[in-house]
Amino acid sequence: MAEDRRVKNTKKRILEAYVTCIERDDGSKITVKEICEIADINRSTFYAHYTDSIDLYHQILWQMLDDIGALLEEFEKHEDFYRHMRDLMNYFLERRRLILALLKKDDSAFRKAYLKKTREYTLTFEDMTAEDNAFFHEFYVSGFICAMEGLLAGDVPPDRVDHLAGLLARLEPNYKKKNG
């Protein structure tokens with residue numbers, strides 16, 4: 001059953017308030033009271049959807065990872081590396097403020113979770129050991145996140161995304177599903 005429009009709107013306001021809190025601070029001491037004040041909702045409304053600010057954070061993180069997983073599955077269906085990179089970059093751009101806020105957090109659970117989520121899909125080189133391929137994957141994905149962080153911090157015209165996706169598509173011959 002689809003979420004009610006009012007529920008979606010409330011969750012969106014809570015999310016935006018949470019991002020505002022992270023932008024103001026490192027996010028480690030965000031309170032439900034602060035979120036509710038910024039979102040202009042009652043605490044009972046917040047608690048109807050989340051148990052606390054940690055639960056909110058985890059739900060945000062898991063939803064993003066599910067979305068990214070769906071993008072990875074879409075790539076597996078079409079095996080179009082250019083389209084995959086373009087869609088992934090656009091996903092990040094559409095959530096610019098949220099992703100920049102999550103990357104701002106010192107522990108950057110988002111960065112770690114993204115790295116873990118993408119391990120199933122890796123750049124593999126047959127002349128490298130499994131350990132070297134794992135290192136290369138971490139290097140590549142961390143570099144992608146760092147590059148996206150820089151792009152998100154600026155103004156990115158749509159044609160720039162297409163151009164950058166084309167550059168990244170040059171890696172396609174080495175992009176394979178792990179164990180596939």
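**Figure 1. Lining of the largest pocket, grouped by residue class.** By class, eight nonpolar, two polar and eight charged residues form the lining of the largest pocket. The model shown here and in the other views is a predicted one. The volume of the largest pocket is about 510 Å³. Among the 18 residues that line this pocket, Lys 11, Leu 15, Ile 60, Gln 63 and Leu 98 are the closest to its centre.

**Figure 2. Helices that contribute to the largest pocket.** At least two residues of the lining come from each of helix 1, helix 4 (53-78), helix 5 (81-94) and helix 6 (96-104). The most is given by helix 4, which supplies six residues to the lining of the largest pocket.

**Figure 3. Packing of helix 1 against helix 2.** Two packed helices are described by the angle between their axes and by the distance between the axes. For helix 1 (residues 5-24) and helix 2 (residues 32-39), the axes come within 8 Å and cross at roughly 115°. The crossing in which helix 1 passes helix 2 is right-handed. On the side of helix 1, the residues in contact are Arg 13, Ile 14, Ala 17, Tyr 18, Thr 20, Cys 21 and Arg 24. Their counterparts in helix 2 are Glu 34, Ile 35, Ile 38 and Ala 39. Sorted by class, the contact of helix 1 with helix 2 comprises seven nonpolar, one polar and three charged residues.

Figure 4. Although Asp 40 is not a glycine, its phi is positive, at about 60°. Asp 40 lies in the loop between helix 2 and helix 3 (43-47). With a relative accessible area of 63%, Asp 40 is exposed, because the cut-off for that term is over 50%.

**Figure 5. The chain as a setting for the close-up views.** Nine helices and two strands make up the secondary structure of the chain. Along the sequence, these elements follow the pattern α-α-α-α-α-α-α-β-α-α-β. The chain has 180 residues, of which 39% are buried. Of the contacts in the chain between residues at least 6 apart in sequence, 67% join residues at least 24 apart.

Note on methods:
Residues are numbered from 1 along each chain as its sequence is written. This is a predicted model: local features need pLDDT of at least 70, side-chain atom pairs count only at pLDDT 80 or more; totals for chains, interfaces and linings use all residues. Side-chain values use heavy atoms; hydrogens and water are left out. Axes are lines fitted to C-alpha atoms, for helices over the stretch in contact, and angles run from 0 to 180 degrees between N-to-C directions. Helices (H or I, at least four residues) and strands (E, at least two) are DSSP runs, numbered from the N terminus. A crossing is left-handed if the near helix is turned anticlockwise from the far one by less than a right angle, and right-handed if clockwise. Contact means heavy atoms within 4.5 Å. Ala, Val, Leu, Ile, Met, Phe, Trp, Tyr, Cys and Pro count as nonpolar, Asp, Glu, Lys and Arg as charged, and the others, Gly among them, as polar. Buried means under 20% relative accessible area, exposed over 50%, partly exposed in between (1.4 Å probe, protein chains only). On a 1 Å grid over the protein atoms alone, a cavity is a set of points where a 1.4 Å probe fits but cannot get out, and a pocket is an open set with protein on both sides within 12 Å along at least five of seven lines; lining residues have an atom within 4 Å of a point. Grid points are joined across faces, edges and corners, and a volume is the space filled by probe spheres set on the points.
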